[in-house]
Amino acid sequence: MIRKFASGLVALFLLAGVADLAPTEAQTGAVTAIRCGRLINPVDGSVTENAVILVRQDRIERVGAGLQIPAGAQVIDLSRYTVMPGLIDCHTHVLLQPEDERGAPPVVTKSQAFRTVQGVAAVRKDLEAGFTTMRDVDSEGAGFADVAIRDGINRGIIPGPRLLVSTLALTITGGHMNNTGLNPDIQIPEPAALTDSREAMVAEVRRQIKYGADWIKLYATGTLRHVNPVTLESLSQVSVEDVRAVVEEARRWGRDVAAHAYGGEGANNAIRGGVRSIEHGMLMNDETLKLMVEHGTYWCPTLGVYLPESEEDNTDLRRRIVAHHREVFQKAMRMGVKIAFGTDVGAYEHGTSAREFLLMCDYGMKPIDAIRSATTRAAELLRMEKQIGSIEAGKFADVIAVEGNPIADIQAMKRVVFVMKAGQVYKSPK
Ligand SMILES: [Zn+2]
């Protein structure tokens, strides 16, 4: 399988007309030189013309303007494009498809095997959209299938981003990610882990880590159906002591916790309890934002997923929530909250996450800061800043190119033409 895949890569190089690399050379790690038209460095915000990146095996060896290309190097010509580090999406659902958000829940209509097949197709689309690393936060009722997809990618069986997975999310009976409106006499698997006591939460953390979770996902508040339509308060699902117990148990195993929290007491408890990131947060107030700054908590806003997609969704309540989300985003920028790129892709089409960049900029973020949120900032959130997030010597050779200049027009993020992950090319300009 791996051999076949490697020869597929060679075919890609040949198709792109960039070189005549023999498989043995590729495997022994000859140098690859990438000629960049424009190179964006999110570390200092600089844009360099005509830079060269030298890649050996899975790592960046050197990078700079006017670097000499060593004799015999494989050359990839991206001189017509803008090059930047591989993108990082900190909030994805590879096992969720837009159709799963409509009609009967997928735990009722689809086998985990079928959902895994869909997940395999999804990760390829996300990789080809420029996302070389993703934190996948909840398998949405597909059990440990996210672990299987991650492992399949790591073993070179299927193409996909580097995945950090969180398996089942922790929730409470009646809270978020429960099946609703069903006959209580029928037993149907719940999409998340129901943990109604602190002891149950701790035990579930252990079970998930045992079976492969890289992160723990906690539902600290309910979902849209739990939001009070008058006050916009969300349902708090955990106490600060609950969160602390989950965070401490996760940390014992070297894991971090991501909390779904819209705002209010649930969000405050999550932050005080020590979660590393708040997901969504569209109903947060000044007190909560201040707490995030004090505790150094990251925020994945997932702006796009709350926009109404149909007339049915376009309710007065939804419009108020979206307007609030925008305000919170602008306040968070002013207050210095650490904003990391997260999309909730899966709730909408895989491979289309770039739309989040457009919204972030539409809400007032500078394009370079939006790119930072998906590179350097996201790498910090994942505690991977020494390995990914920028194009620097020693880091993984995660490199993408887009058509156009995203600093001048963020729409360019939708036009990803080249993707390299850990030195392997997965997409080349036609
Ligand atoms: Zn989500």
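## F418: a buried residue

F418 is buried in this predicted model. Why does F418 count as buried? Because 21 other C-beta atoms lie within 10 Å of its own, and the cut-off for a buried residue is 20 or more.

F418 sits in strand β17, which covers residues 416-421.

## What F418 touches

Which residues does F418 touch, leaving aside those up to four places away in sequence? They are L78, Y81, I400, A401, K427, S428 and P429.

E349 gives a view across the model. In sequence, F418 and E349 are 69 residues apart. In space, their C-alpha atoms are 20 Å apart.

## Two domains

The protein chain divides into two domains. Domain 1 is made of residues 2-86 and 390-427. How far apart do the C-alpha centres of domain 1 and domain 2 lie? The distance is 31 Å.

## Where the domains meet

The contact draws 23 residues from domain 1 and 21 residues from domain 2. Which of them gives the largest share? That is β17, with 3 residues. This is also the strand that holds F418.

What kinds of residue make up this side of domain 1? There are 15 nonpolar residues, 4 polar and 4 charged.

Note on methods
Residues are numbered from 1 along each chain as its sequence is written. This is a predicted model: local features need pLDDT of at least 70, side-chain atom pairs count only at pLDDT 80 or more; totals for chains, interfaces and linings use all residues. Helices (H or I, at least four residues) and strands (E, at least two) are DSSP runs, numbered from the N terminus. A residue is buried if 20 or more other C-beta atoms lie within 10 Å of its own, exposed if 12 or fewer, and partly exposed in between; C-beta atoms are placed from the backbone. Two residues are in contact if their C-beta atoms, placed from the backbone, lie within 7 Å. Domain bounds come from an automatic or database domain assignment. Ala, Val, Leu, Ile, Met, Phe, Trp, Tyr, Cys and Pro count as nonpolar, Asp, Glu, Lys and Arg as charged, and the others, Gly among them, as polar.
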